[in-house]
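Welcome! Please take a moment to look over the sequence and the 3D view, and then read on for a short tour.

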Amino acid sequence: VQLQASGGGLVQAGGSLTLSCAASGSAFVGSVMGWFRQAPGKEREFVARIRLSIGSTSYADSVKGRFTISRDNAKNTVLLQLNSLIPEDTAVYYCAASTLFSAAPGNYNYWGQGTQVTVSS
């Protein structure tokens, strides 16, 4: 079971990025995929999650209206579209798989390696 996150980079405030999480093995049948982020000196925090079967989603208040999570079940891939980026979005972004529709990192069993997003002002 492996999750591979990609798509991070350096972008100016107001810009956009698309993060991708490719799943191999049985991770994609875990029913829920989530994105989390961790800034230096801070705890890992929930960003967005999606229920793979029906596509229902949930977002952290800090990203609602700016980020969009989606999935392509045929490709075992989950995307996170980041729009209207602000410097406070700077962090390492992780994708993770769970059997629970949860915002708690502890409920996610499998994690990708993380991809750095840096937003300059």
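Which two residues form a disulfide, and how far apart are their sulfur atoms? Cys21 and Cys95 form it, with 2.2 Å between their sulfur atoms; a disulfide here is a pair of cysteine sulfur atoms within 2.5 Å. The structure holds one disulfide. The torsion about the S-S bond of Cys21 and Cys95 is about 65°, so this disulfide is right-handed. The pair links distant parts of the chain, 74 residues apart: Cys21 belongs to strand β3 (residues 17-24) and Cys95 to strand β9 (residues 91-98). Both Cys21 and Cys95 are buried, where buried means under 20% relative accessible area, exposed over 50%, and partly exposed in between (1.4 Å probe, protein chains only).

A word on the background. This is a predicted model, in which local features need pLDDT of at least 70 and side-chain atom pairs count only at pLDDT 80 or more, while totals for chains, interfaces and linings use all residues. Residues are numbered from 1 along each chain as its sequence is written, and side-chain values use heavy atoms, leaving out hydrogens and water.

Now for the fold. The protein has 11 strands and zero helices; helices (H or I, at least four residues) and strands (E, at least two) are DSSP runs numbered from the N terminus. Along the sequence, the pattern reads β-β-β-β-β-β-β-β-β-β-β.

Here are some values for the protein as a whole:

| Property | Value |
|---|---|
| Box filled by the C-alpha atoms, along the principal axes | roughly 40 × 30 × 25 Å |
| Residues that count as buried, of 121 | 42% |

Why does the radius of gyration agree with a compact globule? For 121 residues such a globule would have a value near 14 Å, and the protein has 13 Å, which agrees. The radius is taken over C-alpha atoms, and the globule rule is 2.2 Å times the number of residues to the power 0.38.

Finally, visit Ala39, in the loop between β4 (32-38) and β5 (45-51). Ala39 and Thr90 are 51 residues apart in sequence, yet their C-alpha atoms are 6.5 Å apart in space. Leaving aside residues up to four places away in sequence, Ala39 touches Thr90 and Ala91, a contact being heavy atoms within 4.5 Å.
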